[in-house]
Amino acid sequence: MTTAAQEVVTPTVRASVRRSIFWVSMVAVGLLIVLALALLTRGASAGGAALSPANPGPNGSMALAEVLRSQGVTVTHAASLVAAHGALEETPTASVFVVDNLGVLVGSQLERLQHESDHLVIMAPAYDQLEGFAPEVAPAGGVEGVLDADCDVPAVAAATRVTGDGVGYRLIDELSGAMECLDSGAGVKSLVQFERGDGLVTIIGTQAAFTNEQVALNGNAALALWLLGTSDELIWYETSIVDAAVPGAPTIGELTPAWVSAAILLLGLTIVALALWKGRRFGPLVMENLPVTVRASETMEGRARLYQRSISRLHSLDTLRVGAISRLAVLCGLGRSATVDEVVAGVTNLTGFDEHWVRGVLVDTVPHTDAQLMTISDSLIEFERSVAARLSTSTAETTTAAAPPAAPAIPAPPTPAPPTPGQGE
Amino acid sequence: MAFSGWFVALVALGVVPIALVGEEWMLLVWLGVIALIVALDLVLAASPRRLHFERDLPARVRLSETVETTLYVTNDGRRRLKGRLRDAWQPSAGARPSRQPLDIPAAERRAITTWLTPVRRGERRAEHVTVRSFGPLRIAARQATIRLAGSVTVLPPFHSRKHLPSRLARLRELDGRTSVMIRGQGTEFDSLREYVRGDDVRSIDWRATARRLDPAGGQKLVVRTWRPERDRRVVIVIDSGRTSAARIAGEPRIDTAFESALLLGALASRAGDHVSMIIYDRRVRGRIQGAVGAELLSRMVNTMAPVEPELIELDWAAVPGLVRSVTTQRALVVLATSIDAPGASRGLLSVLPQLTRSHEVLVASVTDPDVLEASRSRRDLDEVYRAAAAERALLDVARVSAAVRQLGGDVVTGAPEDLPPAVADRYIALKAAGRL
């Protein structure tokens, strides 16, 4: 019985914690650094929603909101449709500025907002929104450059020059009392204002003019302040994804109960558990050096393919002939050192084949086609078989009279001489 | 740490409370419950580190035989350990079963049996034991791998021992034969016995007959009997170079050489000859000298067991010196190598004269039955070319064989299963002819 010192290979929990503590702490420090950098550079980044009153970045509109506040306008930031309606109920005379970056609102929702408010300013609405809300107005592509004031809308008149970067609109149908301003050529206007019911609707496409970055250029500030500052209260409504209310059939998300998503998550966790169960190996493998497996006949196969690729018929045939001749020499009782002529004579005598043909097969014929090679190779086998058969019959029939041997079946030998038993040297 | 299938089922079961409560937070509650159960199970599981192991291994086993190994596992801890155990052997040790259930009460010992059926010769090692100890709930397990080395030497199979009885019978026939046919240099006078009908009349010892006058009257003839000479020397040199690594009919050449050497060794030591064996490539990989009887065979198989062919050429120039270091007397030198091509056998041919000058040399080489088969099969063009290549290989072997014979050696070739008896037969023939 052998006893070995016991050494546990698997590390203990404490050991593995100690071993991994360096890397875990490195990752933690790295995360902390990333977090700190993110906090420090947050204000300078271009992140945050465009035209948001809470975004101090270049594409935000915090500057505009702050100036409006300082001018005595109460700016309410509504982050959802529900919040916007709530704010409107509190201050029914407020203007509403709709910033729909996500494009989630539909015409009917804009309609409701318009009904409740005195002045609705819609920033860069899309085609399908306008189709439901004001089908006479349609987007007319992008606009760039500085536009001159060209109408009597007070905001535009006050601005005189406006940064036009954004979207342009065009009236595609008769719309009574519509004012079109900020022409950028070919009838494309960046501002359309019209009255509906007892309220005023302004559709404006100059997004750049309202951003922190460009609000101070040209007459952008005047345009924005005049448009949004018409009332003492302004509801700055920024759409969110929850406003994407679909009035038609309920979605699959609304139909499924709340726990289904949890159950799906659980299914994923079950698969993870399955991987943990099956993936844990039962101890390390034991190494073993295995020998290479080389078949000895590989060289023979390789040489055969070389013969075949280089179509060396004569060389192959000569090899076969040498082998056959040495075997035939032994069979004919001539010994290994017999000459070819002796073997030819011996085969002819024993089998009774035509000597010329035997010599051709054993020595002379040069194979020009594959078929010839095959034929000669078959004849060589036939010789060996016939000689062996002849010898066995002759030894068996030494006592009886030598019967004429049956003519061997050969694949087309050129007129074998009639077998003449007993004919010898 | 490891988990069982029940753990997966437990996780999946969480769908029931989640559906019943119908809230998403139930998922977190369920995960908490699972964590608690797993922690409890792990805490309550017996520690696999508190086990103590002892191995009981047989020292050696013949290839392709099955041997039983025992692992004694003592539970030094205070809790009953239930779980599974893996005794980690190398793949070619053929350990079975590879996973075994384990149930050891505290402070008790159990024997775990593993059967080994090795598929390769040499030293087969076990390195460690892995134990997975499940908690009472069988949800989670503690797992530890404990280093516990062990090894079993796998000996050559000696399949050719089935030929031994018939060859020994042939050897006994040589013994005590009176026939003049076997009288030669290598035979020596054994004893006198009474003439029986059939004895060669030329072996009648007339003087002994005259001396032995039957008192009852009548003359009994006495004949001399002869037996083959004993105490001859047989030196077997096995080539462990690169050509011995090639496989013929699924068996490396070196294994066939081992089989031949074992059969010849068994036979020659029974016949009273001294058998030495050298396994050599560029250094001596194994050497048996001065062993007789059963000890010879056991030493031979033990020496052969770990030897694998090296990827180097045999240094033939050193072989005569090696043989001289074994014996200076005339001996039968059996060279178990390969004679494939004239170029590769140049080393052998160059030292052969030195050996044949003072010894009887027999070169034993394996031939490939595939090659012989290929040279006869010529059904299509591919096979004709293959037959030509096979014929070329056979002619090469024939040329080297002729060269060896010309230099005074003898050649035995055969397929892997035919070579060992062929070598034994040649030995018997040499012995009968008194040429040892």
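Me: Where does B:Ser47 lie in chain B?
Reply: B:Ser47 sits in the loop between α3 (25-44) and β2 of chain B; helices (H or I, at least four residues) and strands (E, at least two) are DSSP runs, numbered from the N terminus. This is a predicted model, in which local features need pLDDT of at least 70 and side-chain atom pairs count only at pLDDT 80 or more, while totals for chains, interfaces and linings use all residues. Residues are numbered from 1 along each chain as its sequence is written, and chains are lettered from A and ligands numbered from 1 in the order in which they are written.

Me: Why is B:Ser47 called partly exposed?
Reply: B:Ser47 has 16 other C-beta atoms within 10 Å. A residue is buried with 20 or more other C-beta atoms within 10 Å of its own, exposed with 12 or fewer, and partly exposed in between, with C-beta atoms placed from the backbone. The count for B:Ser47 falls in between, so B:Ser47 is partly exposed.

Me: Which residues does B:Ser47 contact beyond its neighbours within four places in sequence?
Reply: They are B:Gly77, B:Ser133 and B:Arg142, a contact being two C-beta atoms, placed from the backbone, within 7 Å. B:Ser47 and B:Arg142 are 95 residues apart in sequence, yet 6.9 Å apart in space, C-alpha to C-alpha.

Me: In what order do the strands of the six-stranded sheet of chain B stand, and which are at its edges?
Reply: The order is β17-β16-β13-β18-β19-β20 in an open sheet of mixed pairing. β17 (284-288) and β20 (410-414) of chain B each have a single partner strand, so one side of each lacks a neighbour in the sheet.

Me: Which helix of chain B lies across β13, β16, β18 and β19?
Reply: Helix α6 (residues 253-270) of chain B does, running at about 170° to β13(B). Such angles run from 0 to 180 degrees between N-to-C directions, and axes are lines fitted to C-alpha atoms, for helices over the stretch in contact. Helix α8 (residues 319-326) of chain B also packs on the sheet, touching β13, β16 and β18 of chain B.

Me: What is in the largest nonpolar core?
Reply: The core has 133 residues, and among those with the most contacts inside it are B:Ile236, B:Val237 and B:Val333. A nonpolar core is a set of buried Ala, Val, Leu, Ile, Met, Phe, Trp, Tyr and Cys residues joined through C-beta atoms within 7 Å. Helix α11(B) gives the most to this core, with eleven residues. A second, separate core of 59 residues includes A:Ala84, A:Ala149, A:Ala155 and A:Tyr237.

Me: How many residues of each chain are in contact across the two chains?
Reply: 69 residues of chain B are in contact with 51 residues of chain A. Helix α11 (residues 381-406) of chain B supplies the largest share of the chain B side, 14 residues. By class, that side has 35 nonpolar, 13 polar and 21 charged residues; Ala, Val, Leu, Ile, Met, Phe, Trp, Tyr, Cys and Pro count as nonpolar, Asp, Glu, Lys and Arg as charged, and the others, Gly among them, as polar.

Me: Why is α9(A) called roughly antiparallel to α1(B)?
Reply: Helix α9 (residues 259-279) of chain A and helix α1 (residues 5-13) of chain B pack at an angle of about 175°, with their axes 9 Å apart. Angles under 35 degrees count as roughly parallel, over 145 as roughly antiparallel, 65 to 115 as roughly perpendicular and the rest as oblique. The angle is over 145, so α9(A) is roughly antiparallel to α1(B). Residues making the contact include A:Leu269 and A:Trp277 of α9(A) and B:Phe7 and B:Val11 of α1(B). The contact has eight nonpolar, two polar and no charged residues.

Terms used: Two strands pair if DSSP finds at least two bridges between them.
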